[in-house]
Amino acid sequence: MTDDIALRARRRTRAIGVVASTVLLAITAGVTGLVVALNGQTGATATGQGGPGTAGPGALHVTTEPADPAPLSTAPSSTVAWTTVAGAGVPVSATAGPADSAGGRARGFARTPFGAVLAAAHISVRLSPQAGPAVFEPTLRDQVVGPDAAALADRVEDDYQQARAQLGLPHGEPAGRLYSTIRGYQVDVESIDRPTVRLLIEGPGASGGSVLVSLVSELQWVDGDWALVAPADGDWSTETSVVTDGAGFKRFADGG
């Protein structure tokens, strides 16, 4: 029974967190998060919580496009270490953050482009149902901003309730785990306090092998730390795309 539940959980979370969140990362449609964590995807489309090939509530639909090179910072990605959040591999830095991971949260990022990259990765993955409400609820409350923050919170909650019911879990338990790793990033720093970050996320493909997904998110410097700006209508579908390769992304050192 336990093995069966784990198998079903993997199938339902098989694409890339929010981002949630995530990450992050498989990133669910409800996460920013990447987190956002993308709910399972098959080639050029992502499936929802209903299982492979099913576009359920909050399902994430992605389009295939080549990676578009963007201005990059000279961030010390070779010096990162790695941690696992809800199953997703996420980079950490002694200088760029997060400085505070108490209670499963991620806070205290440097006010630099690389600090914004790490904030995007950590906040988004913690907005996935797989992180559980003890993590995604305070993350939504304290680290997500913008006029669509409430809509994003509703999507994350709906995704969590659906996944929890399918897995037969009591409220409060994380809804399965993520199967993804953040592999690279791009940063647009036209505004020092509101950069745009594009994360390159690798996760398992629907028919074997792996798939690369790009997640675009905006960050805003608020009260001494980075916050994630919720996407329009709380929907990450227009901010994600399957990419053919990682060209144009600055890659993290292996180890995630």
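Buried means under 20% relative accessible area, exposed over 50%, and partly exposed in between, with a 1.4 Å probe and protein chains only. This is a predicted model: local features need pLDDT of at least 70, side-chain atom pairs count only at pLDDT 80 or more, and totals for chains, interfaces and linings use all residues. Residues are numbered from 1 along each chain as its sequence is written, and side-chain values use heavy atoms, with hydrogens and water left out.

**View 1. Glutamate 218 and arginine 194 form a salt bridge.** The term stands for a side-chain nitrogen of Lys or Arg within 4 Å of a carboxyl oxygen of Asp or Glu. Here the closest N and O atoms are 2.8 Å apart. Glutamate 218 lies in strand 9 (residues 210-222) and arginine 194 in the loop between strand 7 and strand 8, so the pair ties together parts that are 24 residues apart in sequence. Helices (H or I, at least four residues) and strands (E, at least two) are DSSP runs, numbered from the N terminus. Glutamate 218 is partly exposed, at 34% relative accessible area. Arginine 194 is also partly exposed, at 34%.

**View 2. Aspartate 142 meets arginine 105 in a salt bridge.** The N to O distance is 3.4 Å. Aspartate 142 belongs to helix 3 (residues 133-143), and arginine 105 to the loop between strand 5 (88-92) and helix 2 (113-123), so the contact ties together parts 37 residues apart in sequence. Aspartate 142 is partly exposed, with a relative accessible area of 44%. Arginine 105 is buried, at 7%. Shared partners join Arg105, Arg141 and Asp142 into one network of salt bridges. The count of salt bridges comes to six.

**View 3. Arginine 183 bridges to glutamate 202.** This salt bridge spans 2.7 Å, N to O. Arginine 183 sits in strand 7 (residues 181-188) and glutamate 202 in strand 8 (residues 196-204), 19 residues apart. Arginine 183 counts as buried at 18% relative accessibility. Glutamate 202 is partly exposed at 24%.

**View 4. Arginine 198 makes a polar contact with serine 214.** Both side chains take part, at 2.4 Å. Such a contact is a pair of N or O atoms within 3.5 Å; within protein, one must be able to donate a hydrogen and the other to accept it, and residues adjacent in sequence count only if both atoms are side-chain atoms. Arginine 198 lies in strand 8. The residue is buried, with a relative accessible area of 10%.

**View 5. Strand 4 and strand 5 form a hairpin.** Strand 4 (residues 81-85) pairs with strand 5 in the antiparallel sense over five bridges. Pairing requires at least two DSSP bridges between two strands. Tryptophan 82 has proline 91 as its bridge partner in strand 5. Two residues separate the strands, and alanine 86 in the turn has a positive phi of about 55°.

**View 6. Tryptophan 82 and phenylalanine 252 form an edge-to-face aromatic pair.** Rings of Phe, Tyr and Trp (its six-membered ring) pair if their centres lie within 6.5 Å; planes under 30 degrees apart count as stacked, over 60 as edge-to-face and the rest as tilted. Here the centres are 6.0 Å apart, with 80° between the planes. Tryptophan 82 is partly exposed at 21%, whereas phenylalanine 252 is buried at 6%. Ring pairs link Trp82, Phe114, Tyr185 and Phe252 into a cluster.
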